[in-house]
Amino acid sequence: MESLLQAENISKRYGDKLLFENISLSIGDGQKIALVAKNGTGKTSLLNILAGVDSSDSGKLSRRRDVRIGYLPQEIDMNPDRTVLDAVFVLENEITQTIRQYNDCLYSESHEVLPSLLDKMDALNAWDYESRIRQILGKLDIHDLDKKIGTLSGGQKKRVALAGLLICEPQLLILDEPTNQLDLNVIEWLEDFLSTANITIFMVTHDRYFLDRICDTIIELDGGKTYSYSGNYTYYVEKRAERIENLQANIERAQNLMRTEQEWIRRMPKARSHKAKYRIDEFENLKAKASQRIDNRKLELDVANQRLGKKIIDIYNVSKSFGDQRIINEFSYKVSRGEKIGIVGRNGVGKTTFLNLITGNLAPDSGHIEIGQTVKFAYYTQDGISFNDDDKPIDIVRKISDDVKLRDGKSFSASGLLNYFMFTGDMQHTLVRKLSGGEKRRLYLCTVLIQQPNVLIMDEPTNDLDITTLQVLEEYLTMIDATVIIVSHDRFFMDKIVDHIFVFEGDGRIADFPGNYTQFRDSREYVRYMESVMPKEIKPVATEPRKPVQPPAPKKKLSYNEQREYEMLEKELEDLNAKRVTMEEEMNSGNLSPFEIVAKSSEYSQLIESIDAKEMRWLELAEKLE
């Protein structure tokens with residue numbers, strides 16, 4: 001397998017913090033690799049180095065000379081004054097340059113280079129570029145192509161950046177948390193696209209279903225070393241468990257041998273001037289091996305929550321709108337004790353608004369919400385809280401509470417809670433400014449959980465958390481008696497936690513589904529939901545609003561390029577109509593699942609649009625020919 005990119009013995013340090021040292025890896029052509037590691041171990045720093053955004057302190061990075069690399073960083077930074085259309089031209093290549101030159105020529109005084117540009121457009125197959133832009137943007141739910149980047153939400157910017165990368169078709173795609181801030185339907189489309197695309201991928205993501213269905217190689221960064229697993233996430237989990245088990249056995253053997261060596265050293269006659277050097281050296285090696293610690297904890301706390309009464313949250317005919325946008329329309333529901341509700345829906349349909357209504361941060365336009373007297377809320381928001389850079393994690397958590405009460409009457413210290421969420425003793429006393437973004441989110445999570453709420457509200461809690469932290473959080477949430485209401489796009493997380501789904505369909509409609517996300521995904525209700533959120537027809541790509549120079553009056557005879565186009569259109573229309581007949585037979589066969597019918601209907605609609613457009617152009621050329 002040919003290597004597109006290779007890193008040899010690279011190291012990175014920020015100040016006095018060593019992220020990784022002497023890391024080596026190779027990305028082969030066609031591989032789909034995921035990097036798995038805890039927060040704070042340098043995942044984003046490694047991706048920045050591989051993408052050429054940053055440099056390593058030592059080591060060597062080599063790329064194949066002609067490889068085209070596309071990079072999606074975790075934080076999207078685009079010019080706010082550019083339009084969506086401009087922003088999708090994220091990689092400058094021969095196709096985009098030719099299209100720009102062609103458009104400039106059409107609006108210029110001189111048309112001398114137009115014939116050569118037409119030939120170049122044919123050779124590069126650039127005529128389909130605009131269509132590809134619109135198709136990918138439509139799948140990513142971006143429709144207003146004239147909109148300024150500065151007016152977009154974080155999720156919309158993420159989708160625009162993704163569209164730009166996919167349109168330009170890089171050979172190597174480097175992705176840092178690509179599913180963050182994306183809707184579930186967009187995630188599933190992207191998952192299908194990347195799993196079938198002929199493209200090399202190196203990514204960091206906490207989305208375990210995404211990992212499982214796309215990747216063929218998992219590289220784990222643990223303790224400053226890398227471990228490679230040739231398989232998907234399921235294979236990695238199995239083989240990592242075997243590695244940890246073997247390592248644990250080796251550590252136990254080393255501990256037993258060390259005890260034997262200790263006895264030997266103690267028994268050495270005091271009169272001897274020296275001990276056998278090889279035995280002492282071996283003792284030091286055993287001591288180092290025996291003192292290894294496997295940080296593979298699971299949370300096993302029998303946490304006590306304040307008892308909930310019969311009334312938890314009663315919602316009566318609540319409606320909420322912002323201007324002409326209806327968010328919630330006459331919704332009623334009574335939340336039960338211990339219920340764990342997941343909320344799904346497209347961005348902008350009102351999921352966070354709903355949480356703010358429940359917690360009293362917003363008032364409904366009509367209807368009312370009654371909260372039980374015994375309810376103790378804790379609200380994990382997307383924005384989190386701002387920490388003082390000079391504070392320490394242990395002091396921040398202790399300001400809220402010194403301990404966690406257990407059901408048996410005992411308590412668990414604030415330091416113990418931090419430790420279970422992977423804040424070791426040293427990390428608990430380090431300054432906040434030295435923490436990574438993911439570590440700060442983990443600290444924020446601890447400040448919420450130590451409040452020991454009996455109703456826990458969480459808005460996108462999985463963003464920026466590593467897989468190990470998610471596993472600990474899942475263990476915690478399945479163990480506590482609290483009622484939990486979660487907005488999340490993480491399907492694996494939702495499947496493990498929730499027993500009920502609220503589906504925000506848009507225009508104020510909220511569907512109520514008993515079950516987890518996968519059960520919803522396999523239901524008839526999901527087909528209906530997908531039909532309601534299918535991307536609407538998007539506007540044609542707009543050019544700059546310049547007044548074009550009128551081209552010369554068309555000749556009665558077709559030009560050479562027009563004649564070629566006319567002949568190609570006849571062949572294309574023949575093929576497209578044959579494809580249309582085949583698709584109609586498939587959809588009427590009764591052999592497709594409901595979801596396949598929805599997907600096939602979308603493809604059929606695009607096919608009809610393409611046939612209509614090509615027929616219109618064929619008629620224009622046919623009239624000229626006549």
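Author: Start with one definition: helices (H or I, at least four residues) and strands (E, at least two) are DSSP runs, numbered from the N terminus. The model is predicted: local features need pLDDT of at least 70, side-chain atom pairs count only at pLDDT 80 or more, and totals for chains, interfaces and linings use all residues. Residues are numbered from 1 along each chain as its sequence is written, and side-chain values use heavy atoms, with hydrogens and water left out.

Reader: How many helices and strands are in the chain?

Author: Both kinds of element are present in the chain. The counts are 21 helices and 20 strands.

Reader: What share of the residues in the chain is buried?

Author: Buried means under 20% relative accessible area, exposed over 50%, and partly exposed in between (1.4 Å probe, protein chains only). The chain has 626 residues, and the buried share is 45%.

Reader: Among contacts between residues at least 6 apart in sequence, what share joins residues at least 24 apart?

Author: A contact means heavy atoms within 4.5 Å. Of the contacts in the chain that span at least 6 positions, the share joining residues at least 24 apart is 70%.

Reader: Which residues have the most contacts inside the largest nonpolar core?

Author: A nonpolar core is a set of buried Ala, Val, Leu, Ile, Met, Phe, Trp, Tyr and Cys residues joined through side-chain atoms within 4.5 Å. The largest one here has 54 residues. Those with the most contacts inside it are V88, L194, M203 and L211.

Reader: Which residues does a second, separate core include?

Author: This second core has 52 residues. Its members include M422, F423, L456 and F513.

Reader: How far apart in space are I167 and F89, C-alpha to C-alpha?

Author: I167 belongs to helix α6 and is buried, with a relative accessible area of 1%. Its contacts beyond four places in sequence are V88, Y129, R132, I133 and I136. I167 and F89 are 78 residues apart in sequence, yet their C-alpha distance is 8.1 Å.

Reader: How many aromatic pairs does the structure hold?

Author: Rings of Phe, Tyr and Trp (its six-membered ring) pair if their centres lie within 6.5 Å; planes under 30 degrees apart count as stacked, over 60 as edge-to-face and the rest as tilted. The number of such pairs in the structure is 13.

Reader: What kind of pair do the rings of F331 and F354 form?

Author: F331 lies in strand β11 (residues 325-335) and F354 in helix α11 (residues 351-358), 23 residues apart. F331 is buried at 7% relative accessible area, and F354 is buried at 3%. The ring centres are 5.9 Å apart and the planes stand at 75°, so the pair is edge-to-face.

Reader: How far apart in sequence are the parts that F331 and F502 tie together?

Author: The F331 and F502 rings have centres 5.4 Å apart and planes at 80°, so they too form an edge-to-face pair. F331 and F502 are both buried. F331 sits in strand β11 and F502 in strand β19 (residues 500-506), so the sequence gap is 171 residues.

Reader: Which residues do ring pairs link into a cluster with F331?

Author: The cluster is built from ring pairs. Along with F331, its members are Y333, F354, F502 and F504.

Reader: How far is the charged end of R442 from the centre of the ring of F423?

Author: A charge sits over a ring if NZ of Lys or CZ of Arg is within 6 Å of the ring centre and within 35 degrees of the ring normal. R243 sits this way over Y227, 3.7 Å from the ring centre. For R442 over F423, the distance is 4.9 Å.

Reader: Which residues of α1 are buried?

Author: Helix α1 (residues 43-51) is mostly covered, with eight of its nine residues buried. After α1 comes G52, with a positive phi near 85°. The buried residues are K43, S45, L46, L47, N48, I49, L50 and A51.

Reader: Which residue with a positive phi follows α11?

Author: Seven of the eight residues of α11 are buried, so the rest of the structure largely encloses this helix. They are K351, T353, F354, L355, N356, L357 and I358. The phi in question is near 85°, and the residue is G360.
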